Amino acid sequence: MSKFNVPTREEVSSNNQAIFDNLEKAVGFVPNLYATYAYSENALANYLALSSAKTSLTAKQKEVVNLAVSQVNDCSYCLAAHTAIGKMNGFSDSEILELRAGKASFDHKLDALANFAKDVTENRGAADGAVVEKFLNAGWTKENLVDTIVLVGDKTISNYLHKTTDVPVDFPVAAPLEAVEA
């Protein structure tokens with residue numbers, strides 16, 4: 001397979017250099033996966049616009065989806081990044097592991113969200129009717145359902161980009177779920 005190096009600021013377009021500068025100011029560094037988007041003139045800006053678009057989900061609820069989807073898609077980069085972000089959003093290590101498995105025994109509503117995100121990802125959009133009913137019966141709306149599916153797509157894009165390029169993970173590595181469940 002071709003080797004994908006992480007492009008440096010000097011190796012990307014001036015438009016992407018400006019985005020790198022903004023990321024540096026906001027986050028303190030340019031995550032390797034974001035830098036990889038910058039191989040394209042437009043992909044980094046487009047992806048950041050999608051991932052920061054308005055949604056009916058809170059930041060914490062988005063992390064529930066991000067963790068479940070990244071686990072289904074077995075993306076080591078996104079699992080590491082969203083484990084760190086999940087902790088910043090108040091989830092404990094054990095809660096993060098549950099969310100990765102598509103459940104949340106600690107919160108009925110988040111359990112339905114994690115289960116729906118896992119199911120829709122595993123079934124490539126053909127969510128099980130019982131899972132959809134559980135989601136809606138837990139108090140989620142049809143707007144939340146649509147926004148969750150958009151977020152599944154958002155996260156799947158990053159999962160696929162990392163799985164294809166295999167750029168180095170620059171977040172603390174997340175433990176394999178199987179090792180923790182054993």
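Tutor: Begin with terms. Helices (H or I, at least four residues) and strands (E, at least two) are DSSP runs, numbered from the N terminus. This is a predicted model, where local features need pLDDT of at least 70, side-chain atom pairs count only at pLDDT 80 or more, and totals for chains, interfaces and linings use all residues. Residues are numbered from 1 along each chain as its sequence is written, and side-chain values use heavy atoms, with hydrogens and water left out.

Student: What percentage of residues 44-106 is helix, and what percentage is strand?

Tutor: The span is 68% helix and 0% strand. Its end C-alpha atoms are 35 Å apart. An unreviewed UniProt entry annotates residues 44-106 as "domain: Carboxymuconolactone decarboxylase-like". Such annotations may be inferred rather than shown by experiment.

Student: How do I describe two packed helices?

Tutor: Give the angle between their axes and the distance between the axes. Axes are lines fitted to C-alpha atoms, for helices over the stretch in contact, and angles run from 0 to 180 degrees between N-to-C directions. Take helix α1 (residues 14-27) and α3: the angle is about 40°, and the axes are 9 Å apart. That makes α1 oblique to α3 (under 35 degrees is roughly parallel, over 145 roughly antiparallel, 65 to 115 roughly perpendicular, the rest oblique).

Student: Which residues of α1 and α3 meet?

Tutor: Contact means heavy atoms within 4.5 Å. Asn16, Ile19, Phe20 and Leu23 of α1 meet Leu44, Ala45 and Leu48 of α3.

Student: At what angle do α3 and α9 cross?

Tutor: Helix α3 (residues 43-51) and helix α9 (residues 142-165) cross at roughly 145°, their axes coming within 10 Å. Tyr47, Leu50 and Ser51 in α3 meet α9 residues including Val150 and Asp154.
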